[in-house]
Amino acid sequence: MKNIYVLVILFLLLPINNVNSESMQAYFADFMNFATLEGINSDTASVTIPPEYSACTFSPPNVVFNAGFTSGLAYRDDVLYGLSWSGEDISLYSISSGPCAMGSIITPVIGFSNLESLAYCQDEDMFYSVDFDFPSHLGQLARIDPTAQNVSLIGSHMAFDVRITGLVCDINGQLWAATPGHGGRSSELLKINRTTGVETVVGPTGIAAGIVEALAIDRDKPNGLMYINGAGLYEVNTSTGNALSLSGSFDKFYAMAGLPVSNLIFADGFEAGGI
C-alpha cells in the first residue's frame with residue numbers, strides 16, 4: 001500500500017482512524033483548532049493518523065507543535081521538513097519523528113513572502129521553492145541551502161501568472177511543479193530547470209482553477225507516480241499532465257510529501273503536509 005503525509009487547514013476536524021497503512025503524509029491546519037500531520041493511503045485515498053505519532057499523549061496525538069501555517073513539505077533523507085509561516089517571515093523547519101510532531105526552525109527565509117511549495121533534491125542536498133509576487137503576477141525559483149542556511153533566487157521570472165503550489169524533485173533531479181491556475185491560466189503540470197529557473201509546460205491537469213494545493217511522488221511505485229491534492233486526491237500522468245481523480249476529501253490539505261524509503265536514493269513514495 002502507498003501512503004502520504006499531509007498537512008491541512010480546515011475549519012472542522014475530520015474523523016480519522018489510527019491505521020498503519022499510509023503511503024504519504026499531509027499537513028492538516030485547522031484555524032480554529034490544531035494543525036496536524038495526516039497519513040494518506042494513495043490506493044484508497046483514505047486518511048489515517050501516522051503510527052509514529054500515535055503514542056503522543058496530546059489530543060489529537062498528531063498535532064504539529066512549534067510551527068506556523070505550513071505551505072510545503074519534503075523529506076530530506078528520513079526527516080520531514082516544512083515551510084512555516086509566521087507573519088511575513090517564512091522559515092524552513094524540521095519535524096521530529098515521534099512520539100509527538102515537534103517543529104524545529106532550521107533556516108529563516110527572510111525577504112520572501114509567498115513560498116507555497118517545497119521540494120528536496122538529494123543529489124545536491126538542496127531544497128527548492130517558488131516565490132510568487134501577487135502584484136506583478138510573476139514567480140521565481142528559489143534555492144534553500146539547509147547547511148549554509150541561506151536562500152538564493154535562480155534565473156529570471158517565470159511566465160506571467162505561473163503560480164506554483166506543488167513542487168517535487170524526482171530520482172533524476174528533475175523538478176516538477178503543479179499550478180492551481182492563476183489569472184488567465186488553467187491548472188498545469190510543469191517541469192522546471194533548476195539551473196535556469198525556466199519552466200516548461202507538460203500539459204493541463206484538467207482540475208478546476210483555484211483548487212490545486214500540493215504535489216507528491218509515490219516512491220514505492222516503479223518509476224514513481226505523482227499525485228496532486230485538490231478537491232480530492234489525483235494521480236498525474238507525467239506525459240500529458242492530466243490528473244485522474246481517486247476521490248477522497250482533501251480540499252484543505254496544503255502540503256504533501258512522499259514517504260522516504262530507507263537506504264534508497266529518492267525511491268518513490270510520499271507524504272503530504274499542511275497536508
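**Ground rules.** I number residues from 1 along each chain as its sequence is written, and my side-chain values use heavy atoms, with hydrogens and water left out. Because the model is predicted, local features need pLDDT of at least 70 and side-chain atom pairs count only at pLDDT 80 or more, while totals for chains, interfaces and linings use all residues.

**Entry 1, the whole chain.** I began with secondary structure, taking helices (H or I, at least four residues) and strands (E, at least two) as DSSP runs numbered from the N terminus. The protein chain has 23 strands and 0 helices. I then looked up burial, where buried means under 20% relative accessible area, exposed over 50%, and partly exposed in between (1.4 Å probe, protein chains only). Of the 275 residues in the protein chain, 56% are buried. For accessible areas I used the Shrake-Rupley method with a 1.4 Å probe; for residues, only the protein chains shown count as cover. The protein chain exposes about 10700 Å², and carbon and sulfur atoms supply 53% of that. I also checked contacts (heavy atoms within 4.5 Å). Among those between residues at least 6 apart in sequence, 53% join residues at least 24 apart.

**Entry 2, disulfides.** I looked for pairs of cysteine sulfur atoms within 2.5 Å, and the count came to 2 disulfides. One of them is formed by C56 and C100, with sulfur atoms 2.0 Å apart. The pair links distant parts of the chain, 44 residues apart: C56 sits in the loop between β4 (46-48) and β5 (64-65), and C100 in the loop between β8 (89-95) and β9 (101-109). Both C56 and C100 are buried, and their link is right-handed, with 90 degrees about the S-S bond.

A disulfide also joins C121 to C169, S to S 2.2 Å. This pair links distant parts of the chain, from C121 in strand β10 (residues 119-121) to C169 in strand β14 (residues 166-169), 48 residues apart. The torsion about the S-S bond of C121 and C169 is about 110 degrees, so I noted this disulfide as right-handed. C121 and C169 are buried. In sequence order, the bonded cysteines pair as 1-2, 3-4.

I counted two strands as paired if DSSP finds at least two bridges between them. Strand β18 (residues 214-218) pairs with β19 in the antiparallel sense over 5 bridges, and L225 in β19 is the bridge partner of D218. Strand β20 (residues 233-236) runs antiparallel to β19, joined by 4 bridges. Here I228 stands opposite Y234 in β20, and β19 and β20 form a hairpin with 3 residues between them. Strand β19 (residues 225-229) is largely enclosed by the rest of the structure, because 4 of its 5 residues are buried.

My search (a side-chain nitrogen of Lys or Arg within 4 Å of a carboxyl oxygen of Asp or Glu) found 5 salt bridges in the whole structure.

- D125 forms a salt bridge with R76, the closest N and O atoms being 2.9 Å apart. D125 is partly exposed at 24% relative accessibility, whereas R76 is buried at 17%.
- E116 pairs with R163, with closest N and O atoms 2.7 Å apart. E116 and R163 are buried.
- R194 pairs with E124, with closest N and O atoms 3.8 Å apart. R194 is buried at 16% relative accessibility, and E124 is partly exposed at 28%. Salt bridges that share partners join D123, E124 and R194 into one network.
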